[in-house]
Amino acid sequence: MIILALAVRRVLHVSALWLIEIFKVGLTADARVLSRFMRLECLNERYAHDQPLSLQKLMERLGAKMQVATQRYDKRPYGVGLLLAGYDEDGPHIYQTCPSANYYECRSMAIGARSQSSRTYLERHLEELETCTREQLVRHALRALRDTLPNDVELTSKNCSLAVVGEGEDLQIFDDDRVAPYLEGLDQEERRGAAAARGDGDGEETEAAPPSGDQPADEAPPQGGDQMDTD
């Protein structure tokens, strides 16, 4: 399971019992409140039942907590969206939460500003992702993240963080120089948006052809619109 973040550090650790990581978009204070709530739920489950809390149950409890804030007059909805990824006894999971308290389990997802480009990329390669290796998954994730950037901005180790969770390996977070090896050669690959823009440029309209020889220029058909006769 791969989580990527742009600019500031937005990847938060939840639990080491099951490998759980979240990516936040929105109010940092609200994200900290919810991440602390999830940590406590994981610890309480371990203390009371001596077992890790599954991701599905964790999301049910998180959704119930967020729902209360949308119904009471003395509270406001949590102004943050979360992308929670983890691995438990049922395999890998990725969940998206909304300020409305709705949450969804996804096969791949991108959230945040200009995330539609990333979602489009992931949808087009969804079937291919199922058979990819760990390195190929990271590469696809970086390409999807790069599509959210303006054309004059490149994805670098200064504006990108990478978190990896999965079966048989500890949670790993790559920042700064540690993420640089994964970015090698990415700037040489053509962007999907750039190719589309060039394709649109090939279809630009050409200049209007001059009047044919059979029709004099001064007898060209009038332009559209109302015309007024003057003396």
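Analyst: A residue is called buried when its relative accessible area is under 20%, exposed when it is over 50%, and partly exposed in between. The model shown here is predicted. Asp-176, with a relative accessible area of 42%, is therefore partly exposed. Asp-176 sits in the loop between β8 (169–174) and α6 (180–183).

User: How many helices and strands does the protein have, and what share of the residues is buried?

Analyst: The secondary structure comes to seven helices and eight strands, and of the 231 residues in the protein, 38% are buried. The accessible surface is about 14,300 Å², with 48% of that area belonging to carbon and sulfur atoms. As for contacts between residues at least 6 apart in sequence, 59% of them join residues at least 24 apart.

User: Where does Ser-35 lie, and is Ser-35 buried or exposed?

Analyst: Ser-35 belongs to helix α1, which covers residues 28–49, and because its relative accessible area is 3%, Ser-35 is buried. The side chain of Ser-35 reaches the backbone oxygen of Arg-32, at a distance of 3.0 Å. Glu-45 also lies in helix α1, and with a relative accessible area of 6% Glu-45 is buried. Once the neighbours within four places in sequence are set aside, the contacts of Glu-45 are Asp-50, Gln-51, Pro-52, Leu-53 and Arg-61.

User: How should I read the cysteines, and how many disulfides does the structure hold?

Analyst: A disulfide is a covalent bond between the sulfur atoms of two cysteines. The structure holds zero disulfides. Cys-106 is in no disulfide, and the nearest cysteine sulfur, belonging to Cys-98, is 9.0 Å away, whereas the cut-off for a disulfide is a pair of cysteine sulfur atoms within 2.5 Å. Cys-106 has a relative accessibility of 17% and so counts as buried, while Cys-42 is buried at a relative accessible area of 4%.

User: At what angle do the axes of helix α3 and helix α5 cross, and which residues make the contact?

Analyst: A helix crossing can be read from the approach of the two axes, the angle and the handedness. The axes of helix α3 (residues 116–124) and helix α5 (residues 134–146) come within 7 Å and cross at roughly 145°, and the crossing is right-handed. On the α3 side the contact is made by Ser-118, Tyr-121 and Leu-122, and on the α5 side by His-140, Arg-143, Ala-144 and Leu-145.

User: Where does His-125 lie, and how far apart in space are His-125 and His-140?

Analyst: His-125 is found in the loop between α3 and α4 (126–129), and a relative accessible area of 22% makes His-125 partly exposed. A polar atom of the His-125 side chain lies 2.9 Å from the backbone oxygen of Tyr-121. His-125 and His-140 are 15 residues apart in sequence, and their C-alpha atoms are 8.5 Å apart in space.

Technical notes: Residues numbered from 1 in each chain as written. Predicted model: local features only at pLDDT ≥ 70, side-chain atom pairs only at ≥ 80, totals over all residues. Heavy atoms only, no water. Helix = DSSP H or I, 4+ residues; strand = E, 2+ residues; numbered from the N terminus. Buried < 20%, exposed > 50% of the residue type's maximum accessible area, 1.4 Å probe, protein only. Polar contact = N/O pair within 3.5 Å; in protein donor to acceptor, adjacent residues only side chain to side chain. Contact = heavy atoms within 4.5 Å. Areas by Shrake-Rupley, 256 points an atom, 1.4 Å probe, with all protein chains shown as cover. Axes fitted to C-alpha atoms, helices over the stretch in contact; angles between N-to-C directions. Left-handed = near helix turned anticlockwise from the far one by under 90°.
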